[in-house]
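Student: I have a model open and would like to learn how to read its features one by one. Could you take me through it?

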Amino acid sequence: MKKLLKHYTPNPDELKDHKHLGWLGKHLNHSSLWNFNRKSISKAFAVGVFCAFIPIPFQMLLAAPIAVISSANLPLSIALVWITNPITMPVIFYGCYKLGAWILDVSIEKGFVMSLEYVWQVFDVIWQPFLLGCLIVSITSSILGYLLIQFIYRYKVYKRVKGF
C-alpha cells in the first residue's frame, strides 16, 4: 500500500513550481509533508477528514495550509477531503443537519427536497443545526481517523514483533 501511495504522490519539486501553490513555496520542501510514516499519515487523516466535513467550497485549499502547519502528509490530507464529493455530499450533509437538529432539539424541515434551490429557501431555518452537525462530525471523525491510523500502525508492529 505504501508503495502504491508513493507511486501516485506528486513530485514535491514540481508542486513547488506550480503557479497555484507558489504561496506555499519553501514550506513544500519539508520532508514530513511527503513521508508515509505513522505520524504524518495519522495527522493527514485528522486534517483531511476534518476539512472534508466543513461545508465550504474548495476544501482542499483549507486542508493544504493546515497540513503544512501541522506537518501532515500533504497529498493524503488533500485527497481525503474528497470523502465529501458531489455524489456523497448531499447524503453526508443531510446527516449532519439531522444530527445538529437532534442536538438542538429542532424539528426537521418537513417536505425536504434534495436540491440546492430548496436549501437556499430554508437556509435561515436550517443553518444552525447544519453547521453544528458538521462541526461535531468533523471533529469526531478527525479524532477517530487519527486514532484509527495510530492503532493500525501499532497493531502491524505488534504482529511483526510477535511473528504472526
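Student: Let me start with Leu135: buried, partly exposed or exposed?

Tutor: The general idea is a cut-off on relative accessible area: buried means under 20%, exposed over 50%, and partly exposed in between, with a 1.4 Å probe and protein chains only. Leu135 has 42% relative accessibility, so Leu135 counts as partly exposed. Leu135 lies in helix α7; helices here are DSSP runs (H or I, at least four residues), strands are runs of E of at least two, and both are numbered from the N terminus. From C-alpha to C-alpha, Leu135 is 9.0 Å from Gly100, although 35 residues separate the two in sequence.

Student: Before we go on, what should I know about the model itself?

Tutor: It is a predicted model, in which local features need pLDDT of at least 70 and side-chain atom pairs count only at pLDDT 80 or more, while totals for chains, interfaces and linings use all residues. Residues are numbered from 1 along each chain as its sequence is written, and side-chain values use heavy atoms, with hydrogens and water left out.

Student: How do I describe the way α3 and α7 cross?

Tutor: Start with the axes, which are lines fitted to C-alpha atoms, for helices over the stretch in contact; angles run from 0 to 180 degrees between N-to-C directions. Angles under 35 degrees count as roughly parallel, over 145 as roughly antiparallel, 65 to 115 as roughly perpendicular, and the rest as oblique. For helix α3 (residues 38-52) and α7, the axes come within 7 Å and cross at roughly 160°. The two helices are therefore roughly antiparallel to each other. The crossing of α3 and α7 is right-handed; a crossing is right-handed if the near helix is turned clockwise from the far one by less than a right angle, and left-handed if anticlockwise.

Student: Which residues make that contact?

Tutor: On the α3 side they include Ile41, Phe45, Ala46 and Val49, and on the α7 side they include Ser138, Ser142, Gly145 and Tyr146. By class, the contact of α3 with α7 has nine nonpolar, six polar and three charged residues. Here Ala, Val, Leu, Ile, Met, Phe, Trp, Tyr, Cys and Pro count as nonpolar, Asp, Glu, Lys and Arg as charged, and the others, Gly among them, as polar.

Student: At what angle do α6 and α7 cross?

Tutor: Helix α6 (residues 89-104) and α7 have axes that come within 7 Å and cross at roughly 105°. That makes α6 roughly perpendicular to α7. Among the residues that meet are Phe93, Tyr97 and Leu104 in α6 and Ile126, Phe130 and Val137 in α7. The contact of α6 with α7 divides into 14 nonpolar, three polar and no charged residues.

Student: Now the rings, please. How many aromatic pairs are there?

Tutor: A pair of aromatic rings is described by the distance of the centres and the angle of the planes. Rings of Phe, Tyr and Trp (its six-membered ring) pair if their centres lie within 6.5 Å; planes under 30 degrees apart count as stacked, over 60 as edge-to-face and the rest as tilted. By this rule there are four aromatic pairs. In one of them, the ring centres of Trp120 and Phe123 are 5.6 Å apart and the planes are at 50°, so this pair is tilted. Both residues lie in helix α7 (residues 116-162), three residues apart, about one turn of the helix. Trp120 is exposed at 58% relative accessibility, while Phe123 is partly exposed at 30%.

Student: Is the pair of Phe151 and Tyr155 stacked or tilted?

Tutor: Stacked: the centres are 6.1 Å apart, with 20° between the planes. Phe151 and Tyr155 also both lie in α7, four residues apart.

Methods: Contact means heavy atoms within 4.5 Å.
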